[in-house]
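Colleague: Thanks for making time today. Could you walk me through this model, one question at a time?

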Amino acid sequence: MNNYSIVLLPGDGIGPEVVAEAVATLDAVAAPRDFAFRYTEQPVGGAALDTHNDPLPDAVLEHCLAANAVLLGAVGGAKWDHLTGAQRPESGLLKLRKALGAFANLRPVMVPDALATASPLRAEAVRGTDLLVVRELTGGIYFGEPRGRAPEGDGEKAFNTMVYHTTEIERVARIAFDWADKRRRRITSVDKANVLVVSQLWRETVQKLHDQDFPAIELEHMYVDNAAMQLVLNPRQFDVIVTGNLFGDILSDAAATLGGSLGLLPSASIGGPVGLFEPVHGSAPDIAGQGKANPIAAILSVAMMLDFLEQPAAAQAVRRAVDAALDAGARTADLCRDGHRRVSTKEMGEEIRRNLPTP
Ligand code: NAD
């Protein structure tokens, strides 16, 4: 029997509420199968600042590095807003991603039939959207050197450097091609090759990898400005989108709006030996402790974790159960409209677990 060791980092605000439902779902999906989970709960973000004066204590990081996977809730809140630099709750998260060598961020966006009317876009434009954004996470303009500010003339200049090495492009593109291979076998590589030299290398490298190793996958290149427009006009055209850090940051947030609530969106940061799985949303202090948080993003994050742990049938079972709960009309406050059954965080988790198909 496989016994996976999982570090839980519930964090702040609604983090602990949604992580509790995700963990109960992991246990429920594992129970009838030949694997199980061992959990170690550790503090991160504001919770770790309160107890250890450090948003990611070294001992917590060591637990994470020794685990099979890490599940994070969310960090941050007004109580820690006055802190700066390395003392901020979010800096614990950045340190964690870096230490785990997580160079690829995966964000799937699905708009099932039951949620099409919750989208800010027209239901007929988004219904059936099922795309995956693969964003390079540890390179590009957010990390490039030189960066800085310097006096110039009467004023000041400021500069950042967008830089990518072929190996950085290849490794994230390979992850994207592998996912495309498991999905609808279509990949859109997004760049700005008409203007940026670094994008020209990006495009050449992705094309070369495609021709050498993934010729059966349909590859198209798209400029980032067009990609932003196409995501809003016709998101259904996309299967896998692969792009650099800056463009991925912006496009994945634009894609995040398609389903109508941040509470639906899972993510995975992978590339190193230990994957980090977390909902896209933050700690939502406005609804924390009230049982209003939507646990679906956290629950779909553990579906991604199950894929990463090579338990695809269990991952699929979790996704089906989420769809079934939504089809049955259960909605947390963020998505509740006339005709829906309004449920709490815990009730939504229970509804999903009741709908888990038997293996
Ligand atoms: P947020 O994602 O916490 O909340 C934005 C809005 O979405 C709020 O109205 C909130 O109620 C709603 N929302 C978010 N998740 C929801 C869910 N699961 N169910 C229902 N509604 C949900 O973003 P924010 O308000 O900009 O930030 C709040 C705090 O979270 C800040 O301290 C910020 O720094 C932090 N933050 C952390 C992360 C992270 O941990 N990965 C990401 C973003 C923001």
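Colleague: Is Leu276 buried or exposed?

Modeller: Keep in mind that this is a predicted model. Leu276 sits in strand β12. Buried means under 20% relative accessible area. Leu276 has 0% relative accessibility, so the word for Leu276 is buried.

Colleague: Which residues does Leu276 touch, leaving aside those up to four places away in sequence?

Modeller: Leu276 of strand β12 is 141 residues from Arg135 in sequence and 14 Å from Arg135 in space, C-alpha to C-alpha. The residues in contact with Leu276 are Val70, Leu72, Leu96, Arg97, Leu100, Ser267, Ala268 and Ser269.

Colleague: Let's turn to Thr243. Which backbone atom lies 3.0 Å from a polar atom of the Thr243 side chain?

Modeller: Thr243 belongs to strand β10, residues 240-243. Its relative accessible area is 0%, so Thr243 is buried. Beyond four places in sequence, Thr243 touches Val134, Arg135, Glu136, Val190, Trp202 and Gly248. One of these residues also supplies the atom you ask about: the backbone oxygen of Val190.

Colleague: Why does Lys192 count as buried?

Modeller: Lys192 is in the loop between β8 (186-191) and α7 (197-213). Its contacts, not counting residues up to four places away in sequence, are Ser199, Tyr223, Val224, Asp225 and Phe247. The cut-off for buried is under 20% relative accessible area. Lys192 counts as buried because its relative accessibility is 18%.

Colleague: And Leu246, what is its relative accessible area?

Modeller: Leu246 lies in helix α9, residues 245-256. Partly exposed is the class between the 20% limit for buried and the 50% limit for exposed. Leu246 is partly exposed, with a relative accessible area of 24%.

Colleague: How many Å apart are Leu246 and Ile141 in space, C-alpha to C-alpha?

Modeller: Leu246 touches Ile141, along with Tyr142 and Met162, when residues up to four places away in sequence are not counted. Along the sequence Leu246 and Ile141 are 105 residues apart. In space, their C-alpha atoms are separated by 6.7 Å.

Colleague: What span should helix α6 have?

Modeller: Helix α6 runs over residues 166-182, which is 17 residues. The expected span is 1.5 Å times one less than the number of residues.

Colleague: Which residues come nearest to the ligand?

Modeller: The shell around the ligand divides into nine nonpolar, seven polar and four charged residues. Ala284, in the loop between β12 (275-279) and α10 (296-308), has a positive phi near 40 degrees. Of the 20 residues around the ligand, those that come nearest are Val75, Glu90, Gly282, Ala284 and Asn294.

Colleague: Where is the cis peptide bond that has omega of about 0 degrees?

Modeller: Look in the loop between β5 (130-136) and β6 (148-152), where Pro146 lies. The cis bond joins Pro146 to Glu145.

Colleague: Last one: is His82 buried or exposed?

Modeller: His82 is in the loop between β3 (69-74) and α4 (89-99). A polar atom of its side chain lies 3.4 Å from the backbone oxygen of Lys79. With a relative accessible area of 61%, His82 is exposed.

Key. Residues numbered from 1 in each chain as written. Predicted model: local features only at pLDDT ≥ 70, side-chain atom pairs only at ≥ 80, totals over all residues. Heavy atoms only, no water. Helix = DSSP H or I, 4+ residues; strand = E, 2+ residues; numbered from the N terminus. Buried < 20%, exposed > 50% of the residue type's maximum accessible area, 1.4 Å probe, protein only. Contact = heavy atoms within 4.5 Å. Near = heavy atom within 4 Å. Nonpolar A, V, L, I, M, F, W, Y, C, P; charged D, E, K, R; others polar. Polar contact = N/O pair within 3.5 Å; in protein donor to acceptor, adjacent residues only side chain to side chain.
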